[in-house]
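My notes follow the order in which I looked things up.

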Amino acid sequence: MTPDETDEADDRGRRLVGALYALAVLGGLLGSGMLIPGVALGHVDERVAVARPFAIPATVYLYAYVGAMAHVCIRFVDDRRPDAPTIVGLALRVPAALLVVVGVYLLGSTVELGSLVDAVLPMLSSEGRYEQAFTAYLVGLFVDRALGALETTSARLYPGNPSELRL
Amino acid sequence: MREVELRRDRAGGASDSAVESGAAWYTERLGVALVVVYALLACLGVLAVVGAIEGAFFVGRFDARYYRTNPFRIPPQLLVYAFVGSLTHVFTALAADPDAETRTVLRFGSRVPVALLLVFPAYVLFVSLPGHVPATADLEWTRQLAGMAFLLGLFVEHAVGGFRTVGEALILGRIVRPMLGRLGRSATDASE
Amino acid sequence: MSADDVDAATDDTEVARRSVTDAESPPWYTEPLGVALVASYAGLALLGGFVTAGFAFPSLVSGGAVSVGSETPLAVPPQLFLYAGLGGFAYVFVTLSSNPEADVTTVGHLGLRVPAALLVAIGVFLFASALGVAPTDAGPGAARTLAGSAFLTGLFVEHGLKALRSVSARLYPGDPRDLYGARRGSDDRER
């Protein structure tokens, strides 16, 4: 690339990273309830979940988003000069996380998210009211792990040897 | 988990997934038009399956008892499911071989009328073979019937093979073997 | 939690290691068609997400009584397609996120999975009890099982297809392996 193109690419990269940071801050504000009071409920209202079982509570999406943004920011801490593919890959984690969390929420108890999650979850409120939000957050943070857990669940759902179904 | 390699089409023609080295369907107007037609048909099928299309094929009403007592009346809804199943084959084959030639894409779609025609003998086979459809509650029976029609569309070759087996068993068993026995040849020779 | 922990978790699964590298083909984000494609995927997925959250077409998700019921045994609940589509898009975005340098052709190929996902989900729904994914109760759990299995089918279309193939092979009399075309090339190819 010519020096001009390099500068342009650098600018675009910087703008994208800046946009990601802004989105992260927005996510933090929403999640803490400071921006729109009442939006961030740490727990998922059970009555809603029972009355509308086909719906995904917005809280789940919100916390998956916050988790994904957290992952993005943590990676930028380490990598002060990310190249274009890195930025794009990280940016794409956000929709990926939002989508994967749908599966984790729906399948709830059948998905095993792994030892890290199992270790942390019992430390939460004993009523488990914040569990779902926190799980959503973890899905956002570790999308790959959540996907792997979903794949195991999917392979076990069908009759026959699960390892034969591995992609 | 094994690593999954996304198959690519290298510039210059030969991709390692497809056997053919011709032009991919999306580079030809006919190819694109074909896939658009398939997509429209699939939308139509989905609307029918969801119950949005009324008429003779309406899936909203299904009198299972009537069909169970009249095994030679074929429920028209099965045609809907065979139709959708054959289109499912079209799209799964397309997703597995996305750079296929237009010719191949046409071949994918040729199963649609075949599936529709095969519903009739398949239904007779399934319903008349005793115990083949586990006789359970009406809901289960209905769903399984629809499922069979769907699978007929999706895996037409299974149905063809199955019919061939049945046909062989029937014809060889009832007609050919006795005839050959009378001619003095052993049955095992004949079935080769 | 430090950046190293996050990195380690990411590198842990093989999903992250799926690599598509072809130095000659330009990454999708450098081409307007690529950006348009990904933007349209994102738009559709966003619409789907809005529907599930109740912000659009709320009637689709406001009901709970699924036709697990017997009044309309042959009808497929439309929510099935919503969740199968979301599952399909989930695969698209996870793959793109691990392979950000994929070219436009690959992006197109990924998108072709979504219609296949929607349609295969119908089959999995019809054979839910044979496949062991049937809802065991009527009520909210049933709806969630239905939606969840539709999502998984969308995410891992090959799993559903393989399962359906074995159901189909067992339907017909005779040895399943002898079925004509049961091992045929292009239909069996899996990604």
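**Ground rules.** I call a residue buried if 20 or more other C-beta atoms lie within 10 Å of its own, exposed if 12 or fewer, and partly exposed in between, with C-beta atoms placed from the backbone. This is a predicted model, so I keep to its limits: local features need pLDDT of at least 70, side-chain atom pairs count only at pLDDT 80 or more, and totals for chains, interfaces and linings use all residues. Residues are numbered from 1 along each chain as its sequence is written, while chains are lettered from A and ligands numbered from 1 in the order in which they are written.

**Confidence.** I noted the scores for the complex: an ipTM of 0.79 and a pTM of 0.78. Then I checked pLDDT, the predictor's confidence in each residue, from 0 to 100. Chain C averages 76, and 67% of its residues score at least 70. Over residues 180-191 of chain C the pLDDT is below 50, and the model has 24 contacts for this stretch beyond near neighbours in sequence. I count two residues as in contact if their C-beta atoms, placed from the backbone, lie within 7 Å. Residues 8-21 of chain C also stay under 50, with 32 contacts beyond four places in sequence. Where pLDDT is low, the predicted coordinates should not be read in detail.

Which elements of chain C have the lowest and the highest mean pLDDT? Helix α9 (residues 185-188) of chain C has the lowest, 39. Helix α4 (residues 79-98) of chain C has the highest, 93. Helices here are DSSP runs (H or I, at least four residues), as are strands (E, at least two), numbered from the N terminus.

**Chain A overall.** I found 7 helices and 0 strands. Of the 167 residues of chain A, 41% count as buried. I looked at contacts in chain A with a separation of 6 or more: 75% of them come from residues 24 or more positions apart.

**Helix α7 of chain A.** This helix covers residues 143-157. Its 15 residues reach 21 Å from first C-alpha to last, close to the 21 Å expected at 1.5 Å a residue. The expected span is 1.5 Å times one less than the number of residues. I found 12 of the 15 residues of α7(A) buried, so it is largely enclosed by the rest of the structure. Among the buried ones are V143(A), L147(A), L150(A) and L157(A). D144(A), R145(A) and E151(A) are also on the buried list.

**The core.** I define a nonpolar core as a set of buried Ala, Val, Leu, Ile, Met, Phe, Trp, Tyr and Cys residues joined through C-beta atoms within 7 Å. The largest has 143 residues. Those with the most contacts inside it are A64(A), V100(A), V101(A), L152(B) and A121(C). Helix α4 (residues 84-107) of chain A gives the most to this core, 17 residues. I then followed V101(A). Leaving aside neighbours within four places in sequence, V101(A) is in contact with V60(A), Y61(A), A64(A), A136(A), V139(A) and G140(A).

**Chain B.** I counted 8 helices and 0 strands. Buried residues make up 37% of its 192 residues. Among contacts in chain B between residues at least 6 apart in sequence, 66% join residues at least 24 apart.

I picked out A23(B), in the segment before α1 (29-50) of chain B. Is A23(B) buried or partly exposed? A23(B) is partly exposed, with 13 other C-beta atoms within 10 Å. Not counting residues up to four places away in sequence, A23(B) touches E28(B) and E101(B). A23(B) and E101(B) are 78 residues apart along the chain, yet their C-alpha atoms are separated by 5.7 Å.

**Chain C, two stops.** In helix α8 (residues 157-171) of chain C, 11 of the 15 residues are buried. They include E158(C), H159(C), L161(C) and L164(C). The end C-alpha atoms of α8(C) are 21 Å apart, which agrees with the 21 Å its 15 residues should span.

My last stop was L110(C), in helix α5 (residues 104-126) of chain C. L110(C) counts as buried, with 25 C-beta neighbours inside 10 Å. L110(C) touches V92(C) and T95(C), not counting residues up to four places away in sequence. L110(C) and T95(C) are 15 residues apart in sequence and 8.5 Å apart in space, C-alpha to C-alpha.
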